[in-house]
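Let's take a friendly walk through a protein model, beginning with a pair of helices and moving on to charged side chains. Have your viewer ready.

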Amino acid sequence: MKKFGFGTMRLPLINPEDKKSIDIELVKKMVDEYMAAGFTYFDTAFPYHDQASELAVREALVDRYDRDSFILADKMPTVLVKSAEEYPMYFDLQLEKTNAGYFDYYLMHNMGCDRYDLTSKFNGFEFAMRKKEEGKIKKFGFSFHDDADTLDRILTEHPEVDFVQLQINYLDWDNKIIQSGKCYETAKKHGKPVIVMEPVKGGTLANIPEEAMKLLMDYNPEASPASYALRFAAGLDNVFMVLSGMSNLEQVRENISIMQNPLPLTEEEKSILKQVVDIINRKTAIPCTSCGYCMEVCPKNINIPGLFGVYNNYKINNNFSNMYHNRVVYNRGAAKDCINCRQCMKNCPQHIEIPQHLKDIAVFEK
């Protein structure tokens with residue numbers, strides 16, 4: 001199994017304002033190029049694309065390829081589960097939507113201290129192990145967004161899990177909140193192989209500030225910023241899969257070229273990336289990865305990641321784009337509509353002080 005996985009969280013859209021309007025014909029072409037290059041791992045989840053990602057995976061992949069020719073990962077939507085009785089309902093619905101028959105990899109989605117307590121209360125890990133015994137799950141694990149101590153607790157209490165999925169990238173490696181490096185070492189201590197998510201941090205490491213870009217271009221004008229991020233993740237010895245959410249054929253082709261034979265970073269490249277981290281940390285106001293979990297619980301339907309993206313661009317470029325802002329808030333709530341209920345913060349893997357940042361953005365809204 002090659003080390004590069006196809007993430008289906010950011011598929012191409014026909015209508016940018018409608019996450020369900022997935023361009024299936026383009027996704028089919030992306031899948032075909034990916035498979036033709038010898039890659040086989042696909043990652044989806046119940047909430048992706050407003051619950052349309054699994055259907056897109058069925059149409060573009062499952063219904064067009066032999067089941068034993070690809071590997072499919074899916075996730076239990078822990079944010080929606082309100083009782084133990086709901087696990088089989090969601091699981092059976094996922095099997096129906098994907099038409100996959102079974103899941104090669106299955107995860108409890110977005111474990112952290114809060115989600116883990118509820119999952120433990122509802123015996124979610126035990127449910128998954130039963131499905132594994134039935135052959136509906138081949139390997140079971142969980143995706144994780146929290147600190148290393150919480151990860152250590154989960155892996156200590158559940159040594160039966162086969163793997164963990166962690167947010168790992170060179171920008172977050174020493175981050176005191178996300179703790180990519182510490183979490184990686186914790187998984188390694190427990191002997192759990194790692195799947196990497198957000199290696200390019202939602203595109204942040206593909207679109208770095210001009211000062212940082214110059215450093216990389218001066219070193220190697222042929223290498224893209226994203227290539228360094230992917231090679232960083234792939235070079236970790238306990239990592240067996242690196243996921244990348246792709247939105248067009250160009251991204252598929254670039255990632256294939258990088259991940260066919262991802263060369264380890266040299267010491268000089270590592271030194272340059274440390275300088276890049278320093279530059280980005282000085283420029284980026286809000287460390288949002290655009291996962292969208294905050295929007296799942298926002299009572300005002302505010303496109304929080306979109307607004308944060310506009311604001312980060314303003315901080316980097318010193319130009320607040322009213323055009324992009326107006327598109328982000330089209331038919332949705334604006335930053336000024338935030339009622340400070342703070343539900344979004346409970347769902348945020350990056351632990352961002354969302355209401356305060358929305359206040360900062362509201363200053364620009366008329």
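Which residues in H1 meet which residues in H11? Leu26, Lys29, Met30, Glu33 and Tyr34 in H1 meet Leu249, Val252, Arg253 and Ile256 in H11, where contact means heavy atoms within 4.5 Å. The residues of this contact divide into 6 nonpolar, no polar and 3 charged; here Ala, Val, Leu, Ile, Met, Phe, Trp, Tyr, Cys and Pro count as nonpolar, Asp, Glu, Lys and Arg as charged, and the others, Gly among them, as polar.

Before going further, a word on the ground rules. This is a predicted model, in which local features need pLDDT of at least 70 and side-chain atom pairs count only at pLDDT 80 or more, while totals for chains, interfaces and linings use all residues. Residues are numbered from 1 along each chain as its sequence is written, and side-chain values use heavy atoms, with hydrogens and water left out. Helices (H or I, at least four residues) and strands (E, at least two) are DSSP runs numbered from the N terminus.

Back to our helices. H1 and H11 (residues 249–259) pack at an angle of about 10°, with their axes 9 Å apart; the axes are lines fitted to C-alpha atoms, for helices over the stretch in contact, and angles run from 0 to 180 degrees between N-to-C directions. H1 and H11 are therefore roughly parallel to each other, a label for angles under 35 degrees.

Now for the charges. The structure holds 20 salt bridges, each a side-chain nitrogen of Lys or Arg within 4 Å of a carboxyl oxygen of Asp or Glu. One of them joins the side chains of Glu198 and Arg10 at 3.5 Å, N to O. Glu198 lies in the loop between strand S7 (194–197) and helix H9 (210–219), and Arg10 in the loop between strand S1 (4–7) and helix H1 (24–36), so the pair ties together parts that are 188 residues apart in sequence. Glu198 is buried at 11% relative accessibility, whereas Arg10 is partly exposed at 23%. Buried means under 20% relative accessible area, exposed over 50%, and partly exposed in between (1.4 Å probe, protein chains only).

Another salt bridge pairs the side chains of Lys188 and Asp237 at 3.2 Å, N to O. Lys188 sits in helix H8 (residues 180–189) and Asp237 in the loop between helix H10 (225–234) and strand S8 (239–245), 49 residues apart. Lys188 is partly exposed at 35%, while Asp237 is exposed at 60%.

Technical notes. Angles under 35 degrees count as roughly parallel, over 145 as roughly antiparallel, 65 to 115 as roughly perpendicular and the rest as oblique.
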